[in-house]
Amino acid sequence: MSEIITVGLDLAKNVFQVHGADSKGNAVLRKKLRRAQVIEFFEKLPPCLVAMEACGGAHFWGRELSRLGHDVRLIPPAYVKPFIKRQKNDAADAKAICEAAQRPNMRFVPVKSEETQGASSVFRVRELLVRQRTQAINALRGHLTEYGRVVPQGATNARRLVALVADEGSGLPATARASLRVLTVTLSQLDEQIEALDAEIGRRARESAVARRLMTIPGIGPLIATAIATLAPPPDMFRKGRDFAAWLGLTPRQHSTGRHDEDGRALPASLANHRRQQCHHQASLPRVSAPRHLAGKDAGAQAADAGARGLGQQDGADRLGVDEERRGLPGSGHGGVKSVSGREVVGAEEG
């Protein structure tokens, strides 16, 4: 195992898959490991590049393997998927991870420390509680709608929902009010827990110099400032400010057609849009199946007659006439007369 340069490790709950490659990228090791065997295996392995997908538990194993002297790289799963050649399984995933790690322009995720992961948990818990509060509000609004009590959407109107349930004179049945109070109590508890987490986030924002500096930017409060200071990768991971803006999601998505001319050069936007509109126009033209009088001709004669009558090439054209018949249009159906490119075709077949 001294010739192993790169190792692809596919993480799992119990059974891990290892794929080792030499300096030329040739596979020299394929092995399954139980969870208790992972540390023992990498202790005996000479220091090398160990790549894993940035998924659940990846940062934990990254810290453990880094203590053993290995160079740990975490790869986003979306960057690993293109390297899976055939069926997806643990062995194929480990091989794809190993191949992706050898790419010179591959992007990696930095391994987080325990303190960073612990600080980021407050945002995950708060996000979960906010979703649960939204579910409780929607459920409460839906139940009250059944009794003719309609309240506008939004968390700011949740108090009106709670007031309707608590009001004895609202006209709600006593049996319904007893069950709806469970939702109102749950809603109040979620509000208290979210407020407690907001207070914790505000305290961290006041104690962090980076967060205080970020809050000087208009539109950034304690929540966003603390999230950026906690969750953002180190600055040296970004080559330029645009990369950091892309990490934040501030750059627009690319919606180009990707069309090129015969020489492989990108077409101007106007020409590309023109060609795309032509393709859409051709796709919208109906296709009529071959008439009965062409059934006895050979392939060449059929093609010539079909071209003369302007028969299209789009899928689903054999439905022409059937859909019209369903809509009750006159002159449709089997044996009707249909005009194709200015000529009449008698008895066009249906699919």
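## A pair of neighbouring phenylalanines

F41 is buried, and F42 is buried as well. This is a predicted model, and in it the ring centres of F41 and F42 sit 5.2 Å apart with their planes at 85 degrees, so the two rings meet edge-to-face.

## Aromatic pairs and a ring cluster

In total, the structure contains four aromatic pairs. One of them joins F16 and W61, again edge-to-face, with 5.4 Å from centre to centre and 75 degrees between the planes. F16 belongs to strand β2 (residues 15-21) and W61 to helix α2 (residues 58-67), so this pair ties together parts that lie 45 residues apart in sequence.

Are F16 and W61 buried or exposed? Both of them are buried. Ring pairs also bring in F60, giving a cluster made of F16, F60 and W61.

## Around helix α2

Let's stay with α2 for a moment. Its buried residues are A58, H59, W61, G62, R63 and L65. What covers them? The cover includes the strands β1 (6-10), β2, β4 and β5 (71-75), along with the helices α1 (38-44) and α5 (114-145).

Following α2 comes G69, a residue with a positive phi, near 100 degrees.

## Where α6 meets α7

Helix α6 (residues 158-166) and helix α7 (residues 174-207) have axes that come within 9 Å and cross at roughly 145 degrees. The crossing of α6 past α7 is left-handed.

Which residues make this contact? From α6 come A158, V162 and V165, and they meet R177, L180, R181, T184 and L187 of α7. Sorted by class, the contact of α6 with α7 involves five nonpolar residues, one polar residue and two charged residues.

## How confident is the model?

For the protein chain, the average pLDDT is 77, and 72% of the residues score at least 70. Confidence is highest in strand β4 (residues 49-53), with a mean of 95, and lowest in strand β6 (residues 337-340), with a mean of 40. Strand β4 is also among the elements covering the buried residues of α2.

One stretch to keep in mind is residues 288-351, where pLDDT stays under 50. The model has 68 contacts beyond four places in sequence for residues 288-351.

Terms used. Residues numbered from 1 in each chain as written. Predicted model: local features only at pLDDT ≥ 70, side-chain atom pairs only at ≥ 80, totals over all residues. Heavy atoms only, no water. Axes fitted to C-alpha atoms, helices over the stretch in contact; angles between N-to-C directions. Helix = DSSP H or I, 4+ residues; strand = E, 2+ residues; numbered from the N terminus. Left-handed = near helix turned anticlockwise from the far one by under 90°. Contact = heavy atoms within 4.5 Å. Nonpolar A, V, L, I, M, F, W, Y, C, P; charged D, E, K, R; others polar. pLDDT = per-residue confidence, 0-100. Phe/Tyr/Trp six-rings, centres within 6.5 Å; stacked < 30°, edge-to-face > 60°. Buried < 20%, exposed > 50% of the residue type's maximum accessible area, 1.4 Å probe, protein only.
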